[in-house]
Amino acid sequence: MPLFIQNRGVERTTSTAELFDKYPHLQETARAFCSQPLTDVDPKCLLYVQQREFAATTPADSFVSVIGSDDATTCHLVVLRHTGSGAVCLAHCDGSSTWSEVPLLVKSVTSLSNVSKEGRLELHLVGGFNDESRTSHGLSLNILAAFQKQMEDIHLETCCITEMNDVVVDGNHRPIIYGIGVNVKTGEVFPASFTHKGPAEELRSARTFTGGEMVEIYDSIRGLVKIGPCKWSPNMDIAFWLSQSDDIILKYLSTSPMAEPPHFVRHIKSTIQFLLEHPNSDSLFPGGQPQLYHRTERGEWERAVQS
């Protein structure tokens, strides 16, 4: 079935400009979304999603109230929610394998929803900007096209992407919104920032840096964050980057050097340092088992002891 906008099927679009011209209300909702203040999310209720990760849960979850992600420049943040069950998924998509990723997101929500329950699947897209290489534009079109190919009817509600998420600062284009959260209980999607990006932030970043594919990180039934097992090989050559200037790292390791958040270089260097300290990924996953984290009564993620 096609993607729906205001209950009408959407034809395949060849540009985001064409989409916004045809559906001007999407421009209005995007502007309204961009004008909302940033919410600094309390880590004690947060499930943070990194690049090339997704997580899904339901309003019955007693461990997670908000799923969130940020640091998206050309990347897109995708929220899919079933209005009947309240099951919701958030993904951080970078275009590495959009066509195989979107079905995973749909399945994660439908598997948590009672198929006979009333309601519909609603889609919220935020991310990208008018970058020089048009990486954002291509990803916007691919995500829309991939959702159009799904069996389920999917209703596009928020479309704050590419040119609608663009601002010029000191002559450089950059995103207006870098991060969002979704309230698991109410389904509200909002601009957000995050001080805590765990658990296992460096391990998860290392997985993505070494080419890990899109992965689901949360078991909502047990309330556990699951990482790995990941696989990478020793590569001491990456130590080269630790001695390079910020400008060089931005130029070669970013899709959008002029638009990255201020901590980008620090994040890259800490990820590389982690990989140098753990050249063999097997040592991090004894017995080939994933790392599991549960939420303590204090609201912190803590490594679960596996028997």
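Q: Okay, going by the rule that two strands pair if DSSP finds at least two bridges between them, in what order do the five strands of the open sheet come?
A: This is a predicted model, and in it the order is β3-β14-β13-β6-β4, with mixed pairing.

Q: Which ones are the edge strands?
A: β3 (39-40) and β4 (46-48), each of which pairs on one side only.

Q: In what sense do β3 and β14 pair?
A: Parallel, over two bridges, with β14 covering residues 189-193. If you want a spot to look at, Asp40 stands opposite Ser193 in β14.

Q: Switching to His124. Where does it lie, and is it buried or exposed?
A: His124 is in strand β9, residues 121-127. His124 has a relative accessible area of 11%, so it counts as buried.

Q: What does the His124 side chain make a polar contact with?
A: With the side chain of Thr158, at 2.7 Å.

Q: And which residues is His124 in contact with, leaving aside neighbours within four places in sequence?
A: Leu77, Val78, Val79, Glu157, Thr158 and Val189.

Q: Glu157 is on that list. Which residue does Glu157 form a salt bridge with?
A: Arg120, with the closest N and O atoms 2.8 Å apart. Glu157 sits in strand β10 (residues 154-161) and Arg120 in the loop between α3 (98-110) and β9, so this pair ties together parts that are 37 residues apart in sequence.

Q: How accessible are those two, Glu157 and Arg120?
A: Glu157 has 29% relative accessibility, so it counts as partly exposed. Arg120 is at 27%, so it counts as partly exposed too.

Q: How many salt bridges does the count come to?
A: Nine. One of them joins Arg222 and Asp219, whose closest N and O atoms are 2.9 Å apart. Another is between the side chains of Glu300 and Arg298, at 3.0 Å from N to O. There's also a network: salt bridges that share partners join Asp70, Asp71 and Lys197.

Q: Back to Arg222 and Asp219. Is Arg222 buried or exposed, and what about Asp219?
A: Arg222 is at 52% relative accessibility, and the cut-off for exposed is over 50%, so Arg222 counts as exposed. Asp219 has a relative accessible area of 25%, which means it is partly exposed.

Q: Which residue stands opposite Asp219?
A: Leu224 in β17. Two bridges join strand β16 (residues 218-219) to strand β17 (residues 224-227), and those strands run antiparallel.

Q: How many residues are there between the strands in the hairpin of β16 and β17?
A: Four, and Gly223 in that hairpin takes a positive phi near 70°.

Q: In what sense do β17 and β18 pair?
A: Antiparallel, over four bridges, with β18 being residues 291-295. There, Val225 stands opposite Tyr293 in β18.

Q: Last topic, the surface. Which residues form the nonpolar patch with about 190 Å² of accessible area together?
A: Val167, Val169 and Ile176.

Q: Where does Ile176 lie, and what is its relative accessible area?
A: Ile176 lies in the loop between β12 (172-175) and β13 (180-183). Its relative accessible area is 37%, so Ile176 counts as partly exposed.

Methods
Residues are numbered from 1 along each chain as its sequence is written. This is a predicted model: local features need pLDDT of at least 70, side-chain atom pairs count only at pLDDT 80 or more; totals for chains, interfaces and linings use all residues. Side-chain values use heavy atoms; hydrogens and water are left out. Patches are made of residues with over 30% relative accessible area and no salt bridge: like charges are joined within 9 Å, nonpolar side chains (Val, Leu, Ile, Met, Phe, Trp, Tyr) within 5 Å. Accessible areas come from the Shrake-Rupley method with a 1.4 Å probe; for residues, only the protein chains shown count as cover. A salt bridge is a side-chain nitrogen of Lys or Arg within 4 Å of a carboxyl oxygen of Asp or Glu. Buried means under 20% relative accessible area, exposed over 50%, partly exposed in between (1.4 Å probe, protein chains only). A polar contact is a pair of N or O atoms within 3.5 Å; within protein, one must be able to donate a hydrogen and the other to accept it, and residues adjacent in sequence count only if both atoms are side-chain atoms. Contact means heavy atoms within 4.5 Å. Two strands pair if DSSP finds at least two bridges between them.
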